[in-house]
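Q: Hi! Could you walk me through this model, starting with how the chains meet?
A: Happy to, here it comes.

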Protein chains: 2
Amino acid sequence: MGIFELAISRRSVRSFSSESVSLEDVLGALEVAAQAPSGANRQPWRFLILTDPDIRLRVREACEKGEKDFYDSVDGDFRDWLLAQGLSWRKPFLEEAPLLVVVLMDEDAPYARESVWVAVGFLQLALQERSLSTLTYTPSDTCLPLRELDVPGGFKLEAILPIGFPSDDEPKMPKRSLGKIAFLNTWENSIVRSKKAAL
Amino acid sequence: MGIFELAISRRSVRSFSSESVSLEDVLGALEVAAQAPSGANRQPWRFLILTDPDIRLRVREACEKGEKDFYDSVDGDFRDWLLAQGLSWRKPFLEEAPLLVVVLMDEDAPYARESVWVAVGFLQLALQERSLSTLTYTPSDTCLPLRELDVPGGFKLEAILPIGFPSDDEPKMPKRSLGKIAFLNTWENSIVRSKKAAL
């Protein structure tokens with residue numbers, strides 16, 4: 001399957017079945033992420049794989065504490081959007097997904113955040129190739145779940161990816177067509193108009 | 001070809017031949033990037049494709065002005081690393097590569113940077129699938145090249161990707177093995193030791 005087929009068939013999944021996940025598949029996907037380019041080749045990513053149910057429960061509780069504070073504080077368009085999506089401070093997927101990948105970042109590396117998120121992009125496609133679903137969950141308070149884990153100083157929590165199989169059949173979110181996001185030589189030239197002009 | 005083969009065979013390329021690039025191939029790769037997940041599905045990425053030689057020259061000059069200031073200011077380990085890599089303020093690839101993709105970010109979107117860089121990860125693998133090489137160049141002063149382009153306010157320059165075919169045969173930078181970057185349930189458990197213990 002080509003990358004376009006993988007990319008267009010993947011969606012963010014928030015509800016997971018209890019079906020277990022092959023650790024080998026997850027490690028294979030992490031091997032892909034480990035090949036990503038990074039600032040000064042510092043490879044500032046670390047991946048903490050959580051399968052232990054007690055640890056996942058503690059991470060869920062820590063995250064939900066942070067989310068409660070966040071949902072109390074947010075307002076405006078973003079709050080409306082969150083509610084329209086059926087989102088809340090509750091993050092059951094942290095306990096329901098059979099496996100979590102906690103993505104950590106070496107804060108001292110140059111372009112650390114950019115590099116880590118390129119690796120997350122690699123990881124998402126590699127998981128999809130293995131028919132595994134995920135969500136790119138960014139906790140509102142990244143310190144709370146870290147306190148539950150034995151992560152040394154200097155590493156920051158960037159995301160938690162619950163990994164498993166969907167228990168819903170929600171559609172993929174619609175994406176803008178290239179004509180709305182790509183431009184040729186100047187911002188005034190949408191790529192669609194440019195291509196037509198060239199015919 | 002599977003994603004692991006694409007990821008392990010890709011490398012960052014800084015020297016490009018004058019061989020031209022198919023715009024259709026680049027658009028195909030951008031179609032992949034456009035499928036990336038993003039905070040609140042805001043899809044905060046825009047891609048400005050530069051093929052016009054005059055525009056590429058102006059972008060090169062603007063970037064090199066920013067790099068000169070940066071190289072004058074940097075010191076310590078990072079400066080040593082830059083010099084050891086043969087890097088300098090000169091960025092000829094901005095003129096030599098037949099096509100540049102300027103990656104822009106809608107600054108107001110939630111998790112804008114994280115989202116844009118996931119899309120960059122998708123883009124890098126999609127380019128590799130099309131046998132196109134690139135470099136993820138992050139200008140030291142992102143305002144200077146923007147001034148040369150007609151980009152509206154609210155968008156920030158995140159990266160410039162020169163795209164083409166290599167004119168060197170440098171090796172891929174070595175990457176850490178999974179045993180150094182992946183851990184199971186606690187930071188003390190390298191995934192390699194964990195797997196051996198399970199046998």
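A: First a term: contact means heavy atoms within 4.5 Å. With that, 71 residues of chain A are in contact with 71 residues of chain B. This is a predicted model, where local features need pLDDT of at least 70, side-chain atom pairs count only at pLDDT 80 or more, and totals for chains, interfaces and linings use all residues. Residues are numbered from 1 along each chain as its sequence is written, chains are lettered from A and ligands numbered from 1 in the order in which they are written, and side-chain values use heavy atoms, with hydrogens and water left out.

Q: What area is buried between chain A and chain B?
A: About 6400 Å², and carbon and sulfur atoms give 65% of that. Buried area here is the accessible area (1.4 Å probe) that two parts lose on being put together, summed over both. In chain A, the residues losing the most area to chain B are A:Gln35, A:Asn185 and A:Trp187, together 12% of what that side buries.

Q: How many salt bridges are found across the interface?
A: The rule finds two between chain A and chain B, taking a side-chain nitrogen of Lys or Arg within 4 Å of a carboxyl oxygen of Asp or Glu. The side chains of A:Arg113 and B:Glu114 meet in a salt bridge at 3.8 Å, N to O.

Q: And which helix of chain A gives the most to that side?
A: Helix α6 (residues 112-129) of chain A, with eleven residues on the side that touches chain B. Helices (H or I, at least four residues) and strands (E, at least two) are DSSP runs, numbered from the N terminus.

Q: How do β5(A) and β1 of chain B run?
A: Parallel, joined by three bridges, with β1 of chain B covering residues 45-50. In β1(B), B:Leu48 is the bridge partner of A:Phe183.

Conventions
Pairing = 2+ DSSP bridges.
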